[in-house]
Amino acid sequence: MSLAESIKQSVSSGVESVEKSAHKAISNPKQAQLADFTVDYTKDRGIATHFGVLQSDTETALKAGIRGPTLIEDTHAREKITHFDHERIPERVVHARGTGAHGYFKLHTPIPEVTYAPILNDTTLTTPTFVRFSTVQGFRGSADTVRDVRGFATRFYTQQGNWDIVANNNPVFFIQEAIKFPDVIHAVKPDQAKEIPQAQSAHDNFWDFIGRTPESLHHVMWHMSDRNIPRSYRMMQGFGVHSFVCVNAKGQRSFVKFHWKPKLGIHSLVWDEALKIAGQDPDFHRRDLYDAIEAGSYPEYEFGVQVVPEEKEHDFDFDLLDSTKIIPEELVPVRYIGSMVLNKCPDDFFAETEQIAFCTQHMVPGIEHSNDPLLHLRSFSYQDTQLTRLGGPNWNLLPINRPVCPVFNTHRDGYMQTQINKGPNYWPNRFGTPHPVAGKDGGQVLSPQPLPGGVKERVRGPKFSEHYSQATLFWNSMSDVEKEHIVGAFSFELGRCDDKGVIELMLEQINFIDNKLACLVAQSLHLQPPKEVHPNHGKATKFLSQINPVNSNNAFTAVGRRMALFVHDGFDFGIASGIKAAFAGMGVIVNVVGPRKGKINSSTTGTFLEAHFTFETCRSTLFDGVFFVGGRGPEYDKLKRQGRWLHAAREAFMHYKTVGASGSAVDWLNKYALPGEIDRLVDNLKSEGVVAEQGVVLAGSQVKEAPMLIKSLTDEMSKHRAWGRDVSAIAA
Ligand code: HEM
């Protein structure tokens, strides 16, 4: 048995295997429908005009004489240019930058006491879904890893019509009222005069707005936390934010918040890494999602509900209709009732990801609007903007937007009508069709709801005026490391503001959240630390920290991670191929990084590995762990002068990542890459052994403990970061 095989067989603990067979790309009604609209250009095809006339030349236009002017008579040339001229459509006014994937949803626990919607009752259904992940602030071409809220919009193609949960990765929103949405977005988007900065909140206008809008402070705590620099769309929670209303068969109403929880855990980048990746690979999150799905490592999210029966609506010290508040899970636990798997990338980004038109008003019978003042105008806004973005009222006919159930109504005509509608276009009519459908036969009947009495006026409910309590709850719930990151984020963002008044106002507001936080931020900006004006209530919830293991929402696994294997000609084949094979079997993506792309020869005659990246075409930031394979020969003799290796080791170490080395690379790591950082660990290493501490894994040149090496590496990778590591002496 080869070393690779023995490693593969003997690794069992610490890592779940990727259940590829269970998640095989499935065909479903939505995929079948899309297939009808798909044109396959991978087959042998002749180029024709839009109107079917085959063309013999698409590279040279018709001219009057060899060097003469181009003729307008050339239909094909004109059509080609005209179509190109109109290829672009307006990008989304917010969430312009995004990426999508198809998948499916399966329910495992019906909730008939909450809703009669079949999708949340029938466990035999497999409902097709499409998800679009996005950032909010930036233009369509902006970088993926900026500090921003992430959109997590999901469409369920149910048999009762499309149901969209247009969610974010933060459970609360900036503002309580939709009428303020244009203001918060104008404030965060680039300055009107200079159109800078792009996709960033670190500027005067944003913090000016926030300082004058205390209801945004809870959201701002999420924004300043690690949540808004996620490691991957695969490692992000999703929240429907609003309390929606669900209705059961008896007509009883409940408030329901929807949750998505990633199977791979909730993990983030570190700020330095996020900044660097924005330049090194602006498509980092897109690529990550695409690569994972193509590799069969399908992202999976559990679906949960928090349910409050209508009669308990007023049992809380906050208003359930206030989208700047969470319902702490200690008060109302999340019940996980199903899961979604993303298993197919779109074939055509524009036709699918760009043209999908989500809307909060896309609800199926049994799920309804609540009176959240952020929700109704929001539902209006989506369809309204899509009229412009997609060029008219018929975007429902675009393949990605079509429901999988039959659709008949009396809506007609308009730009780009693609349906030939035969028969009555009004109701009532003498033909009796298309007719309304009674509730008992599946027609939507909105549940009767008593209206709160009162006067018509521009007001908010009394509990909407408390803004600090949950911002403080969030701060109190963070681990020390996460608190440090929040202080760092505030310091960066306010440090980028030029207006002293904006900074001072924000410090005043932060001081209402927590005095220590305000003092730390003030210190970093060389400002006077403020006196305490509002004592911290001391309450915390255990469901928010991404680092504290008591948060049962999080998971720690090496599955779905990416590891770089650095090799030079003359590397030890046994170790390198062993790691590669064992990791591949566990769903860890391994990329070989070598002095050139392609074949890199090992020290064993006739054996080699294919390098995916060269030392120049990648950086440590693109990986969750880096391993330097030892070896022999002239390249290894020169390692101490290998700048890219030194940089990769130091940078990964500084970002608290797993850093490994074997054989001759251990000595190099100790003496040149990380001098003074790993002496003790190296002293404990025997030539046949493996040692690991704080995310550093070292293997001797004669390592016989191969399974132990893999186990140590996967254990360290699954911790995500070695937060206990002292990185203060490292610059990279
Ligand atoms: C709970 C608060 C909110 C959440 C979670 C949220 C989430 C989202 C998400 C995820 C998208 C991207 C959809 C996609 O991928 O296509 C989006 C787009 C958009 N949102 Fe919101 N949003 C919120 C509030 C609002 C409000 C209050 C308004 C307006 C009053 C609004 C207006 C828009 C618009 C116009 C778009 C672009 C839609 C398109 O062009 O297709 N959003 N929002």
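This is a predicted model: local features need pLDDT of at least 70, side-chain atom pairs count only at pLDDT 80 or more; totals for chains, interfaces and linings use all residues.
How do the residues of the shell around the ligand divide into nonpolar, polar and charged? I started there and got 15 nonpolar, 10 polar and 4 charged. My classes: Ala, Val, Leu, Ile, Met, Phe, Trp, Tyr, Cys and Pro are nonpolar, Asp, Glu, Lys and Arg are charged, and the others, Gly among them, are polar.

Residues are numbered from 1 along each chain as its sequence is written.

**Ligand shell**

I looked up who comes nearest of the 29 residues around the ligand, and found His 95, Arg 132, Gly 151, Val 241 and Ser 381. Near here asks for a C-beta atom, placed from the backbone, within 6 Å of the molecule or strand. Helix H10 (376-389) gives the largest share of the shell, 7 residues. Strands E2 (126-135), E3 (150-158) and E4 (161-168), like H10, each supply at least two. The element names are DSSP runs numbered from the N terminus: helices are H or I with at least four residues, strands are E with at least two.

**Helix H6**

Next I checked H6 (residues 217-224) for burial: 8 of its 8 residues are buried. Buried takes 20 or more other C-beta atoms within 10 Å of the residue's own, exposed 12 or fewer, and partly exposed is in between, with C-beta atoms placed from the backbone. The buried residues of H6 pack against H5 (204-211), H11, H12 (480-495) and H13 (500-513).

I then took H6 with H11 (residues 469-477): the angle is about 25° and the axes are 7 Å apart. The axes are lines fitted to C-alpha atoms over the stretch in contact, and angles run from 0 to 180 degrees between N-to-C directions. H6 and H11 are therefore roughly parallel, a label for angles under 35 degrees. On the H6 side I noted Leu 217, His 218, Met 221 and Trp 222, and on the H11 side Gln 470, Ala 471, Phe 474 and Trp 475. In contact means C-beta atoms, placed from the backbone, within 7 Å. That contact has 6 nonpolar, 2 polar and no charged residues.

**Domains**

The domain assignment, automatic or from a database, gives domain 1 (3-16 + 557-718) and domain 2 (98-405). Their centres, taken over C-alpha atoms, are 38 Å apart. I found 10 residues of domain 1 in contact with 14 of domain 2.

**Asp 441**

Last, I found Asp 441 in the loop between H10 and H11. Asp 441 counts as exposed because it has 7 C-beta neighbours inside 10 Å.

Note on methods:
Angles under 35 degrees count as roughly parallel, over 145 as roughly antiparallel, 65 to 115 as roughly perpendicular and the rest as oblique. Two residues are in contact if their C-beta atoms, placed from the backbone, lie within 7 Å.
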